[in-house]
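Thank you all for coming.

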Amino acid sequence: MVFKPLTDQGLWALSLLQGYLFCRLVAYKESPRFLRLLRVAYFFAFLLMAAGSLCYLFSPNYWDHVEPSIAMLGLNFYVGRELYPPIDSYHSTGRVYGPLLAQIQALFQLLPFDPIFNSKLPGVCSFLLLCGLLPRAFTDQTAKYSLLALLPFGFCLFWNRPDSILLLLCANYRDWET
């Protein structure tokens with residue numbers, strides 16, 4: 001089952017709508033009517049992406065060919081195997097991602113669910129947290145709705161890779177400043 005608005009054609013249409021809204025932003029940046037429209041667009045974008053992330057979470061397989069190897073890195077770390085094979089080994093389980101992704105994956109493997117479901121949880125949870133933090137992370141009224149700028153990336157926002165975790169860390173950077 002594929003969530004239709006998140007296919008390439010749906011994302012293309014959403015990108016056109018986003019481009020139109022942001023072009024209008026220049027003229028109506030301080031308009032309460034435009035900010036209200038932006039809030040509504042953010043709400044619908046959140047609903048769309050949350051529905052897509054839940055469809056992905058409960059799907060019995062992965063949507064990308066690298067995702068199982070990310071899950072295997074976490075499982076390897078969880079059972080105590082080496083994360084990166086020796087250079088003269090024939091194994092190709094090592095990836096360019098650092099050990100933090102494997103540690104996060106291993107932490108979620110402690111949950112009593114299916115390993116595929118557990119490996120998808122970090123990305124989906126961090127994406128949903130990101131959606132809640134974006135309006136709080138910025139002081140500019142229009143920057144608060146920056147999720148709209150992320151819409152064309154579709155599934156990349158919550159799949160089993162470090163992208164959503166890095167976005168969440170960047171959104172929290174303001175809280176880390178001393």
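**Helix packing in a predicted model**

If we take the contacts between residues at least 6 apart in sequence, 70% of them join residues at least 24 apart.

Let me turn to the pairs of helices. Two packed helices are described by the angle between their axes and the distance between the axes, and I will keep to that description for each pair.

I begin with helix 2, residues 32–58, and helix 5, residues 115–137, whose axes come within 9 Å and cross at roughly 170°. Since angles over 145 degrees count as roughly antiparallel, helix 2 and helix 5 are therefore roughly antiparallel to each other. On the helix 2 side the contact is made by Tyr-42, Phe-46, Met-49, Ala-50, Ser-53, Tyr-56, Leu-57 and Phe-58, while helix 5 contributes Phe-117, Lys-120, Leu-121, Val-124, Phe-127, Leu-128, Cys-131, Leu-134 and Pro-135. By class, the residues of this contact of helix 2 with helix 5 divide into 15 nonpolar, 1 polar and 1 charged.

Helix 5 also packs with helix 7, residues 163–171, at an angle of about 25° and with the axes 8 Å apart. With angles under 35 degrees counted as roughly parallel, helix 5 and helix 7 are therefore roughly parallel to each other, and helix 5 passes helix 7 in a left-handed crossing. Here Pro-122, Gly-123, Ser-126, Phe-127, Leu-129, Leu-130, Leu-133, Leu-134 and Ala-137 of helix 5 meet Ser-164, Ile-165, Leu-167, Leu-168 and Ala-171 of helix 7. The contact of helix 5 with helix 7 has 11 nonpolar, 3 polar and no charged residues.

For helix 3 and helix 4, the axes come within 7 Å and cross at roughly 75°, which makes helix 3 roughly perpendicular to helix 4. In that contact, Ile-70, Ala-71, Leu-73, Gly-74, Phe-77 and Tyr-78 of helix 3 meet Leu-101, Ala-102, Gln-103, Gln-105 and Ala-106 of helix 4, and the residues divide into 8 nonpolar, 3 polar and no charged.

Finally, some single residues. Phe-46, which is found in helix 2 and which we met in the contact with helix 5, is partly exposed, with a relative accessible area of 27%. The C-alpha atoms of Phe-46 and Leu-148 are separated by 8.7 Å, although these residues lie 102 residues apart along the chain.

As for cysteines, is Cys-131 buried or exposed? Cys-131, on the helix 5 side of the contact with helix 2, is buried, with a relative accessible area of 4%, because buried means under 20%. Cys-55, at 21% relative accessibility, counts as partly exposed. A search of the whole structure finds 0 disulfides.

Conventions:
Residues are numbered from 1 along each chain as its sequence is written. This is a predicted model: local features need pLDDT of at least 70, side-chain atom pairs count only at pLDDT 80 or more; totals for chains, interfaces and linings use all residues. Side-chain values use heavy atoms; hydrogens and water are left out. A disulfide is a pair of cysteine sulfur atoms within 2.5 Å. Buried means under 20% relative accessible area, exposed over 50%, partly exposed in between (1.4 Å probe, protein chains only). Helices (H or I, at least four residues) and strands (E, at least two) are DSSP runs, numbered from the N terminus. Axes are lines fitted to C-alpha atoms, for helices over the stretch in contact, and angles run from 0 to 180 degrees between N-to-C directions. Angles under 35 degrees count as roughly parallel, over 145 as roughly antiparallel, 65 to 115 as roughly perpendicular and the rest as oblique. Contact means heavy atoms within 4.5 Å. Ala, Val, Leu, Ile, Met, Phe, Trp, Tyr, Cys and Pro count as nonpolar, Asp, Glu, Lys and Arg as charged, and the others, Gly among them, as polar. A crossing is left-handed if the near helix is turned anticlockwise from the far one by less than a right angle, and right-handed if clockwise.
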